[in-house]
Structures are given as structure tokens and as C-alpha cells.
Amino acid sequence: MVGEIHSFGYVSRSRIPADAATEEIARLVEQAARANTDGAITGALIYTGEHLAGVVEGPAERIAMIKARLARDDRHGRIVEFDSRCKPARSFGRWRLAYAGHATFIAKLVRRIHDAVSEPGDEEGLLHMMRSL
């Protein structure tokens, strides 16, 4: 369907060394912002120290490219997809990539999703928190 937005949510084990995290996350956010200057891709990122959680949205072919790029990115280990859907409108339309800093407050929720021991509502809870960045 023309104009349909595809959304992809994931959690990965961070392979970013703790002593390099601030600089490396800043680089990741800058790379995403630069790659998304045309506005086709929007989304949000959470870094807990142990995991990265992200949601990206845009045209299906661009989302497929991002999935492939994530699979090759050394900063991400064991990527778990927790959300994939088509929707009529964006949730992150204001953001090329929203990022609000190191998020330890949500680490347990992100870990449960990554380790496949999530509780009912965890995935929607994470998406809701990301939308509020």
C-alpha cells in the first residue's frame, strides 16, 4: 500500500565497551541522523549499558536495508525482533533518531525482552516509553 509505514522494533546485546559508550553512542546517533536526512526513516534508540533497543519506521525497502545493516554492525550482538508492523502513521515523526541518554531505569524490561522471558505487555510498554522520548 502506498504511503504505508513499516515499523521494526529490536533489542540487541550491546558489544560497545563501557569505557567507550558515550562516544560510540553519540557516533551511532550522528550516523543515523546523517543517513536519515531525507526524513524517510524515523525512530528511537535506548541504551541501557547492557542492551540497545531501537524502533525504526519508514518505507519497507529502507527498513529491510536497516535490518541487514544491523546484522553486520559489530556494536550489536544477538538481535531480537520484538515488533514488526505496518501502520498508517509514524510514531516518531519528529525524530530522525530520538535518544535521551543512558537509560538504566528501563534495563530490566529491555533484558526480559532480549532474553525471551518478557511478561504480557512488556513489548508495548517499551514502545510506549520510546514514544515518550
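## Strands 2 and 5

Strand 2 (residues 42-47) pairs with strand 5 in the parallel sense, over 3 bridges. Two strands count as paired if DSSP finds at least two bridges between them. Strands (E, at least two residues) and helices (H or I, at least four) are DSSP runs, numbered from the N terminus. Ala44 has Ala98 of strand 5 as its bridge partner.

This is a predicted model: local features need pLDDT of at least 70, side-chain atom pairs count only at pLDDT 80 or more, and totals for chains, interfaces and linings use all residues. Residues are numbered from 1 along each chain as its sequence is written, and side-chain values use heavy atoms, with hydrogens and water left out.

The open sheet has 5 strands in the order 4-1-3-2-5, and its pairing is mixed. Strand 4 (76-87) and strand 5 (98-102) stand at the edges. Each has a single partner strand, so one side of each lacks a neighbour in the sheet. From one strand to the next, the twist averages 10°.

## Helices across the sheet

Helix 1 (residues 21-35) lies across strand 2, strand 3 (51-58), strand 4 and strand 5. Helix 1 runs at about 170° to strand 2. Axes are lines fitted to C-alpha atoms, for helices over the stretch in contact; angles run from 0 to 180 degrees between N-to-C directions. Contact means heavy atoms within 4.5 Å. Helix 4 (residues 122-131) lies across strand 1 (5-14), strand 2, strand 3 and strand 4, at about 85° to strand 4.

The buried residues of helix 1 are Ala21, Glu24, Ile25, Leu28, Val29, Ala32 and Ala33. Buried means under 20% relative accessible area (1.4 Å probe, protein chains only). Their cover includes strand 2, strand 3, strand 4 and strand 5.

## Nonpolar cores

The largest nonpolar core has 17 residues. Such a core is a set of buried Ala, Val, Leu, Ile, Met, Phe, Trp, Tyr and Cys residues joined through side-chain atoms within 4.5 Å. Phe8, Ile25, Leu45, Leu52, Val56 and Leu97 have the most contacts inside this core. Helix 1 gives the largest share, 5 residues. Another core, of 16 residues, lies apart from it; Phe82, Val110, Ile113 and Met130 are among its members.

Ile25 touches Ile16, Tyr47, Leu52 and Tyr99, not counting residues up to four places away in sequence.

## An aromatic pair

The structure holds 1 aromatic pair. Phe8 and Tyr10 form this stacked pair, 5.5 Å centre to centre with 20° between the planes. Rings pair if their centres lie within 6.5 Å, and planes under 30 degrees apart count as stacked. Both Phe8 and Tyr10 are buried.

Key: Buried means under 20% relative accessible area, exposed over 50%, partly exposed in between (1.4 Å probe, protein chains only). Rings of Phe, Tyr and Trp (its six-membered ring) pair if their centres lie within 6.5 Å; planes under 30 degrees apart count as stacked, over 60 as edge-to-face and the rest as tilted.
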